[in-house]
Amino acid sequence: MNDMTNMTVTENVVVDQLEPFEKVYIDRYVFFANKSAQNVLEMCRVVYQAHKDLKKSAFDRFCRAIGNDNHGSTISKMRKIGERYDFLKPYSDRLPSAWTTLYHLARLDEVKFGKAIEEGLITPS
């Protein structure tokens with residue numbers, strides 16, 4: 001029987017049992033996945049700030065310029081994520097990059113979100 005108490009496990013793969021060149025691929029993948037979640041948070045923050053700071057007509061032009069409808073669900077969801085930016089940002093390395101999933105997470109209260117993080121229910125993939 002193997003003692004696995006001090007090993008890092010990623011989705012049923014014991015990382016300590018991988019070859020060094022295999023770990024490089026995992027590290028690169030995780031780096032870019034994290035960057036993706038961070039980038040989605042940043043884009044949503046811009047949408048939220050633009051909605052807050054711009055006049056309605058200017059915000060409408062902004063939305064059209066980025067290929068969205070001011071009254072559509074995409075912008076509404078992005079605004080919600082952006083509104084919760086300060087709360088979500090510290091967890092960006094553990095968040096998925098799908099903005100629709102981030103929207104659902106942004107709607108959770110701090111207690112439910114914290115519990116989900118603690119239990120490992122929120123992951124980048």
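Within the protein chain, 52% of the contacts with a separation of 6 or more are between residues 24 or more positions apart, where contact means heavy atoms within 4.5 Å. This is a predicted model, so to speak of local features takes a pLDDT of at least 70, side-chain atom pairs count only at pLDDT 80 or more, and totals for chains, interfaces and linings use all residues. Residues are numbered from 1 along each chain as its sequence is written, and side-chain values use heavy atoms, with hydrogens and water left out.

**The overall picture**

- The protein chain has 6 helices and 2 strands; both kinds are DSSP runs numbered from the N terminus (helices: H or I, at least four residues; strands: E, at least two).
- Starting at the N terminus, the order reads β-β-α-α-α-α-α-α.
- Of the 125 residues in the protein chain, 28% are buried. Buried means under 20% relative accessible area, exposed means over 50%, and partly exposed is in between (1.4 Å probe, protein chains only).
- The protein chain exposes about 8700 Å², with carbon and sulfur atoms supplying 52% of it; the areas come from the Shrake-Rupley method with a 1.4 Å probe, and for residues only the protein chains shown count as cover.

**Aromatic rings**

- The whole structure holds 4 aromatic pairs. Rings of Phe, Tyr and Trp (its six-membered ring) pair if their centres lie within 6.5 Å; planes under 30 degrees apart are stacked, over 60 edge-to-face, and the rest tilted.
- F87 and Y91 make a tilted pair, because their ring centres are 5.9 Å apart and their planes sit at 55°.
- F87 also pairs with F113, this time edge-to-face, at 5.0 Å centre to centre and 65° between the planes. That pair links distant parts of the chain: F87 is in helix α4 (residues 85-88) and F113 in helix α6 (residues 110-118), 26 residues apart.
- Put together, the ring pairs link F87, Y91 and F113 into a cluster. F87 and F113 are both buried, while Y91 is partly exposed at 23% relative accessibility.

**A look at α6**

- Which residues of α6 are buried? They are F113, A116 and I117. They sit on the same side of α6 because they cover an arc of only 100° around the axis, the arc being that of the directions from the helix axis to the C-beta atoms.
- V111, K112 and E118 are exposed on the other side of α6.
- The cover over the buried residues of α6 includes α4 and α5 (99-106).
- After α6 comes G120, which has a positive phi, near 75°.

**Salt bridges**

- There are 7 salt bridges in the structure; each is a side-chain nitrogen of Lys or Arg within 4 Å of a carboxyl oxygen of Asp or Glu.
- K89 and E42 form one, with their closest N and O atoms 3.7 Å apart. K89 lies in the loop between α4 and α5 and E42 in helix α1 (residues 20-53), so this pair ties together parts that are 47 residues apart in sequence.
- K80 and E83 form another, at 3.9 Å between the closest N and O atoms. Both lie in helix α3 (residues 73-83), 3 residues apart, about one turn of the helix.
- E110 bridges to R84, with the closest N and O atoms 3.4 Å apart. E110 is in helix α6 and R84 in the loop between α3 and α4, 26 residues apart.
- R84 is buried, at 13% relative accessible area, whereas E110 is partly exposed at 47%.
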